[in-house]
Amino acid sequence: MLKDFFLNEVEEAILKAIKDNKLGQASEYTKGSLMIEKPKNPDFGDFAVNVSSLARTAKIAPPMIANAIVEYLSAKDYSVSIVGGFINFKIENALLANAVEEILTKKENYGKPDKIEKEKILLEYVSANPTGPFHIGHGRWAAMGSALANLLKFYGHEVYQEFYINDAGSQIQKLGNSLKIRVRQELGENVDFPADEVERKNFYPGDYLIPVAKKYVEQNPGITSDKLDVKVLSDFAKKEMEECQKKLLEGFRVHFDNFYSELDLHNSGKVEESYKELMAKGMLYEKDGAMWFKSSEFGDDQDRVIKKADGSNTYLTADIAYHVDKLKRGFDRLINIWGADHHGYVARVKASLEALGYDPNKLEILLGQLVNLVINGEEVRMGKRKNMVTLDDLIEEVGVDATRYWMEMRNIDMTLDFDIELAKRSTDENPVFYVQYAHARVCSILRNAVNDRINPETGEQIKAPMTQKELDDLIHNFDKNIILKTADTAKTLILKLEEFKSVISLSAQNRTVYTICRYVQELAAEFHSFYNSNRVICDDVDLMKSRLALMVAIRITLKNALDILAVSAPEKM
RNA sequence: GCGCCCGUAGCCCAGUUGGAUAGAGCGUUUGGCUACGAACCAAAAGGUCGGGGGUUCGAAUCCCUCCGGGCGCACCA
């Protein structure tokens with residue numbers, strides 16, 4: 001990419017200059033310590049590098065250093081100017097034509113780096129209890145996680161997506177008890193959940209179990225209240241909830257490779273196994289009748305109970321076994337997306353891996369801030385179960401594209417206010433439509449280039465400027481001289497297209513999805529701006545061809561980016 | 001009290017890991033469709049980067065401190 005190209009140019013020049021003793025007292029330079037940036041003011045140039053940081057070791061003023069380095073630059077296909085400690089580069093059209101050519105050649109692979117250190121990554125996200133429908137917060141992890149998976153795959157990693165089902169523990173009992181009440185209601189009994197706040201917490205009083213109860217009664221004709229078995233009911237409800245969650249995820253374009261059951265983990269003996277291993281390594285001790293893990297020896301603020309006084313395991317015990325199992329399955333890297341409310345668990349899970357002799361740095365935990373639902377400008381508290389807005393409702397109301405985009409467009413470190421009204425609106429306030437509109441518009445131009453049209457006023461037929469075959473030829477047998485025709489007017493647009501490669505690299509390395517959203521909005525803006533001041537289909541045939549090639553490049557890049565976000569790229573809207 | 005996240009234009013957010021005059025979008029004001037989609041474009045106004053110290057050639061960015069908001073601090077999951 002062009003950034004790397006200029007960085008390489010500068011670094012080569014520096015090394016030569018040092019060899020010739022032209023950089024004062026600087027005797028060495030480590031590659032990668034300088035950075036190519038885009039000048040704030042485009043008059044300076046298209047790319048720039050600030051060499052001021054070399055001033056200290058060289059003991060020369062920054063402008064002098066810049067001058068010395070410039071002496072060694074090839075200046076082929078670009079020109080150079082110096083302002084203070086900045087070396088500014090202005091690129092020539094040949095480089096722009098190369099950029100477009102690259103897009104047309106690589107197509108759906110455009111944006112992928114040539115070579116990376118490929119890793120086998122296990123990405124775990126959502127991982128909810130199978131005790132009810134997803135709420136709006138799960139939607140953020142679902143959208144971000146799946147987009148991150150797409151991004152890392154696109155970047156070149158091998159990504160395995162996993163959902164950890166929290167199907168063991170007291171909440172399943174609670175689910176069974178709740179369904180029992182719903183089934184008894186279905187059988188005509190006059191029962192309800194306890195009115196007392198505290199007792200009510202032992203149940204899930206949401207309406208969503210009513211249809212499950214109906215289904216259970218249908219499938220078990222003749223069942224009576226006295227024959228209801230909580231264990232059977234829990235299993236039934238659990239299965240129903242899991243099905244319901246899986247269906248929703250598919251519709252939300254979230255595809256897991258595996259659903260990993262916590263219950264299976266317990267039954268497999270792996271939990272007991274890692275417990276014994278910790279014991280064998282002397283990492284456990286007994287206090288107040290419980291077994292404690294010495295996590296504070298590995299950076300946690302305190303030790304943690306790993307087996308309760310009643311002999312049962314804590315959640316952490318299973319989580320340790322789960323993460324050990326992930327590593328045993330041969331992954332180079334584990335990435336988890338967790339809600340910020342779980343941040344206290346980071347230290348203890350990492351501690352356990354270290355205690356068992358694994359590298360805790362293989363586990364990356366991305367903590368995401370929570371989501372607030374905003375209706376009519378007012379924050380709606382999520383805590384109250386009865387007013388819960390489910391993810392299902394939200395998608396139904398807002399649509400998959402807009403819901404995903406709004407979840408993806410914010411930095412994970414930010415609390416997200418999800419404004420339903422705003423997300424629904426298909427106006428300027430909604431960036432997802434702005435981007436999709438750009439794609440549709442490009443497609444429209446490409447259609448017009450090959451379709452006959454009718455003049456709405458005179459009614460006469462206007463012949464298409466070219467055939468589909470001519471358009472295909474233009475793309476497949478790309479002539480670099482053609483694109484040079486439009487390089488001047490489309491310079492910022494082409495540079496933006498070229499930037500996609502940097503955006504992918506940075507986003508993948510930093511595990512950020514919102515940067516893709518920002519990019520795609522910027523690219524759409526560049527296109528719309530270009531569109532308003534330049535006609536693509538015009539009388540100058542070479543110019544038209546040149547701009548059509550550019551349109552195809554835009555369509556490819558927009559599509560590649562939107563595919564990562566799993567937001568559709570419509571040809572018409 | 002302790003830990004993590006956040007505080008940048010009226011609103012919502014960027015800010016390329018310490019660099020050039022702090023930037024987009026929305027909203028406001030003003031212009032632009034008898035040729036490719038106006039769900040668009042162009043322009044203007046709008047800032048004590050929460051406050052105060054410090055580090056250095058240089059700070060929205062790093063350190064300290066205070067203020068404000070969110071989330072955690074279980075032998076729950």
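Residues are numbered from 1 along each chain as its sequence is written, and chains are lettered from A, with ligands numbered from 1, in the order in which they are written. Because the model is predicted, local features need pLDDT of at least 70 and side-chain atom pairs count only at pLDDT 80 or more, while totals for chains, interfaces and linings use all residues; side-chain values use heavy atoms, leaving out hydrogens and water.

Let us begin with the chain. Chain A contains 22 helices and 17 strands; these are DSSP runs, numbered from the N terminus, with helices (H or I) of at least four residues and strands (E) of at least two. The C-alpha trace spans about 85 × 75 × 40 Å along its principal axes. Of the 573 residues in chain A, 50% are buried, where buried means under 20% relative accessible area, exposed over 50%, and partly exposed in between (1.4 Å probe, protein chains only). Chain A exposes about 27700 Å², and carbon and sulfur atoms supply 48% of that area; accessible areas come from the Shrake-Rupley method with a 1.4 Å probe, and for residues only the protein chains shown count as cover.

I now turn to Glu11, in helix H1 (residues 2-19). What does the side chain of Glu11 make a polar contact with? The partner is the side chain of Tyr29, at 2.7 Å; a polar contact is a pair of N or O atoms within 3.5 Å, and within protein one must be able to donate a hydrogen and the other to accept it, while residues adjacent in sequence count only if both atoms are side-chain atoms. Glu11 is buried yet has no salt bridge, and the nearest side chain of opposite charge, Lys31, is 4.4 Å away. A salt bridge requires a side-chain nitrogen of Lys or Arg within 4 Å of a carboxyl oxygen of Asp or Glu; Lys and Arg count as positive and Asp and Glu as negative, with His and the chain ends not counted.

Finally, consider two backbone angles. Most residues other than glycine have a negative phi. Asp77, however, has a positive phi near 65 degrees; Asp77 is in the loop between helix H3 (62-70) and S3 and is partly exposed, at 24% relative accessible area. Asp288 also has a positive phi, of about 50 degrees. Asp288 lies in the loop between strand S8 (284-287) and strand S9 (290-293), and is exposed, with a relative accessible area of 67%.
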